[in-house]
Amino acid sequence: MSSPPPAGPLPAPSPEALPPLDEIDEPVRVPLQIEDWLTVIVMGLLALITFANVITRYFTNQSFAWTEEFSVFLMIVLALVGSSAAVARDRHIRIEYFSGSGALARRKTLARLGAVLVALLFSLIGVLSIRLVWDDYRFGETSPGIGIPQWWYSVWLPIISIGIALRAVGLFIRRSRGSGQA
């Protein structure tokens, strides 16, 4: 016959026994596949453009003038889309010594603080870059390589920055609620 369990509260698990916050699978309202598919599309375009330029150079000893400019633009978009995915999945850069140690409440507080700071930063970038896009449009700036309107490139900075800020707000809401949807 076994003995009854001891009376009183159970001891709290050690911080090492608690799973890291970024390993907790959380549902989100806006599917993460958006960033995943954008990443695949941008990487595919980059590979296709680079391959076409290499083949053209090999056979004609000349390259497409637009490939470098467009590739730089796509790499910037790729970095921003990757940032959005990292924020939504709570895998952005942090100092693990501080964020991964301690009690679960402390880790959630640090995660909320990080989400607020990311949301503020990318909201500021989004708002300030709207002015950049307006100036590019108003003054008729053209790209240096192929001469297309510069705002065609710069218009994506405020759009994706605001998207990152919204992902950070969603992360903050999820961390504030616990495991609910955001």
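This is a predicted model: local features need pLDDT of at least 70, side-chain atom pairs count only at pLDDT 80 or more; totals for chains, interfaces and linings use all residues.
View 1. The side chains of Arg-138 and Asp-135 meet at 2.7 Å, N to O. Those two residues sit three apart in helix H4, about one turn of the helix. Arg-131 also pairs with Asp-135, with an N to O distance of 3.5 Å. Here the spacing is four residues, about one turn, and both partners again belong to H4 (residues 104-138). Arg-131 is exposed, at 52% relative accessibility. Arg-138 is partly exposed, at 42%.

**View 2. Asp-90 and Arg-175 are joined by a salt bridge.** The N to O distance is 2.8 Å. Asp-90 comes from the loop between H2 and H3, while Arg-175 belongs to helix H6 (residues 156-177). The pair therefore ties together parts that lie 85 residues apart in sequence. Asp-90 is buried, at 1% relative accessibility. Arg-175 is buried too, at 3%. In total, the structure holds five salt bridges.

**View 3. His-92 lies in the loop between H2 and helix H3 (96-99).** Its relative accessible area is 18%, so His-92 counts as buried, the cut-off being under 20%. Leaving aside residues up to four places away in sequence, His-92 touches Ala-86, Val-87 and Leu-171. Val-118 is 26 residues from His-92 in sequence. The C-alpha atoms of His-92 and Val-118 are 9.4 Å apart.

**View 4. Helices H1 and H2 cross at roughly 160 degrees.** H1 spans residues 33-60 and H2 spans residues 66-88. Their axes come within 9 Å. The crossing angle makes H1 roughly antiparallel to H2, since angles over 145 degrees count as such. H1 passes H2 in a left-handed crossing.

View 5. By class, the contact residues are 14 nonpolar, five polar and one charged.

Notes: Residues are numbered from 1 along each chain as its sequence is written. Side-chain values use heavy atoms; hydrogens and water are left out. Axes are lines fitted to C-alpha atoms, for helices over the stretch in contact, and angles run from 0 to 180 degrees between N-to-C directions. Angles under 35 degrees count as roughly parallel, over 145 as roughly antiparallel, 65 to 115 as roughly perpendicular and the rest as oblique. A crossing is left-handed if the near helix is turned anticlockwise from the far one by less than a right angle, and right-handed if clockwise. Ala, Val, Leu, Ile, Met, Phe, Trp, Tyr, Cys and Pro count as nonpolar, Asp, Glu, Lys and Arg as charged, and the others, Gly among them, as polar. Buried means under 20% relative accessible area, exposed over 50%, partly exposed in between (1.4 Å probe, protein chains only). Contact means heavy atoms within 4.5 Å. A salt bridge is a side-chain nitrogen of Lys or Arg within 4 Å of a carboxyl oxygen of Asp or Glu.
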